[in-house]
Each structure stands twice: as structure tokens, then as C-alpha cells.
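Good morning, colleagues. Please turn to the structure now on the screen, and we shall go through it together.

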Amino acid sequence: MTMPTDRLTTLEIRAAEQEKTIEELSGQIAEQWTVIERMQRRLDALADRFLALEDQAAPDVPITKPPHW
């Protein structure tokens with residue numbers, strides 16, 4: 001039979017390990033969020049560039065009646 005102090009020590013160790021794991025995961029999430037924000041800004045910039053190039057490359061086609069009308 002384990003002593004109550006042994007059980008308490010085991011629980012304290014587990015709690016400390018879990019707290020460390022939570023802190024590490026929180027740090028990783030913060031880093032990933034920074035990467036995601038940077039990638040979103042790049043994607044927005046690329047989309048803007050693409051739309052600008054698309055506007056330059058494809059002038060509006062005039063709407064005319066076909067010759068058989």
C-alpha cells in the first residue's frame with residue numbers, strides 16, 4: 001500500500017509535467033499564429049498583384065452584336 005505522501009508527490013510531479021507541457025504547447029501555438037499571419041499577408045499581396053496583372057493583360061471585350069443580327 002502506498003503512503004499518502006507518495007501519492008501526493010506523484011500527483012505534484014504529474015501536475016508540474018502537465019504545466020510544462022501546456023506552456024510549451026502555448027508557445028508553439030503562438031509561433032504558428034505568427035507564421036499564419038505572415039503567410040496571410042503574403043497571400044493578400046499576391047492576390048492584389050495577380051488582380052492588377054489580370055486587369056492589365058485582359059482589356060475589356062466590347063459587347064457587339066454578332067454579324068448575323
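The protein chain has 1 helix and 0 strands, both being DSSP runs numbered from the N terminus (helices H or I, at least four residues; strands E, at least two). This is a predicted model, in which local features need pLDDT of at least 70 and side-chain atom pairs count only at pLDDT 80 or more, while totals for chains, interfaces and linings use all residues. Residues are numbered from 1 along each chain as its sequence is written, and side-chain values use heavy atoms, with hydrogens and water left out.

How much of the chain is buried? Of its 69 residues, 0% count as buried, meaning under 20% relative accessible area with a 1.4 Å probe, protein chains only; exposed is over 50%, and partly exposed lies in between.

Let me turn to side-chain contacts. The structure contains 1 salt bridge, that is, a side-chain nitrogen of Lys or Arg within 4 Å of a carboxyl oxygen of Asp or Glu. Lys-20 and Glu-24 form this pair, at 4.0 Å from N to O. Where do these residues sit in helix H1? They are 4 residues apart in H1, which spans residues 4–57, so about one helical turn separates them. Lys-20 is exposed, at 54% relative accessibility, whereas Glu-24 is partly exposed, at 44%.
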